[in-house]
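Student: I have a structure open and would like to go through it with you. Could we begin with the ligands and then turn to the aromatic residues and the backbone?

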Amino acid sequence: MPLAKSDPVLIVGAGTFGLSTAHKLASLGHTDITVLEKDNRVPSRFSGGFDLNKIIRSEYIDPFYTDVALKAIRHWQTNPLYQPHFRQVGFLNVVTGEAPAVVQNALHKYNQSVAANPAFNGYLVPCPDADAIHKVAPQFTGALPGWTGYLNRLAGYAQSSNAMQAVYGACVQLGVKFALGEAGEVDELLYETAPGGMKCVGALTKDGKGHQARTTIVAAGGFVANVVPAIASQISAVCWGVSHIQLTPSESEKLRGFPVTTVRDIGFFFEPDPATHKLKVCYMGGGYTNQKNGLSVPYSTLAESEYVPEEDVRQTRRLLKQVLPHIADRPLVDTHLCWVADTSNSDFIIDFVPGTTDNSLAVLSGDSGHGFKMMPIVGDFAVDLLAKGAQELPRWRWREPEVEEGRPKHIAWRATVTVDLSSTPRAKL
Ligand SMILES: Cc1cc2nc3c(=O)[nH]c(=O)nc-3n(C[C@H](O)[C@H](O)[C@H](O)COP(=O)(O)OP(=O)(O)OC[C@H]3O[C@@H](n4cnc5c(N)ncnc54)[C@H](O)[C@@H]3O)c2cc1C
Ligand SMILES: *[C@@H]1O[C@H](CO)[C@@H](O)[C@H](O)[C@H]1NC(C)=O
């Protein structure tokens with residue numbers, strides 16, 4: 001039986017994917033949508049999208065994702081819900097002179113993929129050396145030693161929390177119900193035995209309440225294995241440290257307008273936020289995990305994620321010394337770990353859960369750290385799944401477990417290996 005407009009739908013998680021899906025379903029006329037969220041506010045502080053900004057790039061090495069990203073970016077440019085939160089400052093994709101060959105090679109592949117795609121005609125500026133980069137980013141006062149790459153002007157960044165806030169508001173206006181905190185944190189899904197398997201009939205929240213649904217959609221980000229344990233063999237929760245430098249309004253004004261910059265062998269950073277004057281910077285190593293009893297999930301409280309490892313501080317300062325040396329030794333503020341759901345090949349998982357019947361349980365996961373840019377369209381994929389079935393989204397099917405040395409297989413494209421937080425010294429700031 002197809003999903004009727006009046007059927008109750010539960011969405012677990014008011015993060016990037018959950019909000020987009022709730023909004024899309026409500027816009028299509030679904031009248032009984034409830035979003036369950038473990039934080040006591042939306043935007044949720046547990047969401048990978050919860051902070052000042054996220055890179056909205058339009059190119060991937062893989063043309064399949066470039067097409068999806070180009071579709072998303074058109075929404076960021078024109079959709080009245082998303083456009084106010086997008087800044088098309090361009091995306092500067094570079095490596096330093098110290099980049100290992102594997103990272104230089106990745107940049108080279110990006111460079112080839114944008115050069116070969118007519119969608120980027122007129123948007124690309126080759127940046128073979130520091131002089132060329134200084135021309136497109138005169139705000140960079142550092143020497144940029146050995147830096148090389150390109151600028152793609154068909155890209156920028158989104159003010160991500162603000163965008164989530166806007167989509168949340170639009171959902172409320174369309175009648176979507178939200179249950180938050182203990183009333184929204186799902187302890188477990190509810191099942192009934194059905195011919196051919198188990199039917200998911202809703203979810204039980206921490207306050208002891210059962211929520212009945214015709215279809216339950218789990219969009220719990222890095223936490224997904226807590227809710228759908230069977231997915232644990234395909235997903236690792238991985239985090240990266242996020243840091244900021246607090247600038248004065250006049251310092252912030254002077255730096256305004258440079259492209260969002262990824263230095264592939266160190267990390268990425270954004271122009272200062274116009275409202276808070278904070279400059280966000282992230283070290284982009286292999287990421288960190290939290291392995292507990294064979295399960296890879298984020299820390300369960302916000303307080304536990306409010307720090308960054310020592311290595312992040314070292315690399316953040318190394319990056320800033322090369323590009324903005326005058327602020328390289330400033331205090332790092334609002335440091336925290338930001339969690340995503342990694343798959344072994346960075347493909348999303350958007351599918352019904354095997355063994356469940358009647359399209360009763362869908363999962364939207366495996367964002368692999370590149371999902372925020374898809375926020376305007378990820379709900380469309382969820383709708384396609386519900387309306388047309390999983391064959392519509394062959395790349396994003398539930399996969400057989402890929403395990404290596406007892407752990408989900410490591411993602412090959414990351415520059416360094418993922419290490420567990422338990423063996424990583426914390427920065428004392
Ligand atoms: C450091 C960092 C930088 C990033 N940079 C970029 C970028 O530049 N560009 C980009 O496109 N993407 C970026 N991302 C990735 C992006 O943030 C994620 O892909 C995106 O947020 C994934 O969305 P999601 O809905 O799957 O998960 P989330 O947004 O994390 O949402 C999951 C939600 O589920 C809730 N939840 C979990 N468990 C439960 C439960 N039991 N009951 C109820 N609710 C629950 C959580 O509280 C959370 O709100 C970055 C991520 C990180 C960490
Ligand atoms: C990128 O491609 C352009 C044109 O194809 C080339 O001139 C340039 O050297 C390349 N740059 C890098 C960093 O690979």
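**Ligands, rings and backbone**

Tutor: The residues of the shell around ligand 1 comprise 18 nonpolar, 12 polar and six charged ones. Please keep in mind that this is a predicted model.

Student: Which residues come nearest to ligand 1?

Tutor: The shell holds 36 residues, and F17, E37, S47, C338 and D367 come nearest.

Student: Where do backbone N or O atoms lie 3.2 Å, 3.3 Å or 2.9 Å from an atom of ligand 1?

Tutor: At K38, a backbone N or O atom is 3.2 Å from a nitrogen atom of the ligand. At G49, a backbone N or O atom is 3.3 Å from an oxygen atom of ligand 1. At G371, the distance from a backbone N or O atom to an oxygen atom of ligand 1 is 2.9 Å.

Student: How much of ligand 1 does the protein bury?

Tutor: The protein buries 97% of the 990 Å² that ligand 1 exposes when taken alone.

Student: Which elements give two or more residues to that shell?

Tutor: They are helix 1 (16–27), strand 2 (33–37), strand 3 (54–56), strand 14 (236–246) and strand 21 (333–342). Strand 21 contributes the largest share, three residues.

Student: Now ligand 2. Which residues surround it?

Tutor: Ligand 2 has L107, H108, N111 and T148 around it. By class, this shell has one nonpolar, three polar and no charged residues.

Student: What are the distances from H108 and N111 to oxygen atoms of ligand 2?

Tutor: For N111, an N or O atom in the side chain is 2.3 Å from an oxygen atom of ligand 2. For H108, a polar side-chain atom lies 3.5 Å from an oxygen atom of ligand 2.

Student: Which helix gives the most to the shell around ligand 2?

Tutor: Helix 3 (residues 101–116) does, with three residues.

Student: Let us change topic. How many aromatic pairs are there in the whole structure?

Tutor: A search of the whole structure gives 19 aromatic pairs. In one of them, Y65 and W396 are 6.2 Å apart centre to centre, with 35 degrees between the planes, and the pair is tilted.

Student: Where do Y65 and W396 sit in the chain?

Tutor: Y65 belongs to helix 2 (residues 63–78), while W396 is in the loop between helix 9 (375–388) and strand 24 (403–404). The pair links distant parts of the chain, 331 residues apart.

Student: Are these two residues buried or exposed?

Tutor: Both Y65 and W396 are buried.

Student: Why is the pair of Y157 and F270 edge-to-face?

Tutor: The planes of the two rings stand at 85 degrees and the centres are 5.8 Å apart, so the pair of Y157 and F270 is edge-to-face; the cut-off for that class is over 60 degrees. Y157 lies in strand 8 (residues 156–158) and F270 in the loop between strand 16 (267–269) and strand 17 (278–283), so the pair ties together parts 113 residues apart in sequence. Y157 is buried, as is F270.

Student: Which residues form one aromatic cluster?

Tutor: The cluster consists of F17, Y60, F64, Y65, F348, F381 and W396.

Student: Which arginine residues lie over the face of a ring?

Tutor: R57 lies over the face of Y60, 4.2 Å from the ring centre. R426 lies over the face of Y307, 3.7 Å from the ring centre.

Student: Finally, the backbone. Where is there a cis peptide bond?

Tutor: A cis peptide bond joins V42 and P43, with omega about 0 degrees. P43 is located in the loop between strand 2 and strand 3. Most peptide bonds are trans.

Student: What is phi at D358 and at N359?

Tutor: D358 has phi near 60 degrees, a positive value in a residue other than glycine. N359 likewise has a positive phi, near 50 degrees. Most residues other than glycine have a negative phi.

Student: Where are D358 and N359 placed?

Tutor: D358 is in the loop between strand 22 (349–352) and strand 23 (361–365), and N359 is in the loop between strand 22 and strand 23 as well. D358 has a relative accessibility of 35% and therefore counts as partly exposed. N359, at 35%, also counts as partly exposed.

Note on methods
Residues are numbered from 1 along each chain as its sequence is written. Chains are lettered from A and ligands numbered from 1 in the order in which they are written. This is a predicted model: local features need pLDDT of at least 70, side-chain atom pairs count only at pLDDT 80 or more; totals for chains, interfaces and linings use all residues. Side-chain values use heavy atoms; hydrogens and water are left out. Rings of Phe, Tyr and Trp (its six-membered ring) pair if their centres lie within 6.5 Å; planes under 30 degrees apart count as stacked, over 60 as edge-to-face and the rest as tilted. Helices (H or I, at least four residues) and strands (E, at least two) are DSSP runs, numbered from the N terminus. Buried means under 20% relative accessible area, exposed over 50%, partly exposed in between (1.4 Å probe, protein chains only). A charge sits over a ring if NZ of Lys or CZ of Arg is within 6 Å of the ring centre and within 35 degrees of the ring normal. A residue is near a molecule or strand if one of its heavy atoms lies within 4 Å of it. A polar contact is a pair of N or O atoms within 3.5 Å; within protein, one must be able to donate a hydrogen and the other to accept it, and residues adjacent in sequence count only if both atoms are side-chain atoms. Ala, Val, Leu, Ile, Met, Phe, Trp, Tyr, Cys and Pro count as nonpolar, Asp, Glu, Lys and Arg as charged, and the others, Gly among them, as polar. Accessible areas come from the Shrake-Rupley method with a 1.4 Å probe; for residues, only the protein chains shown count as cover.
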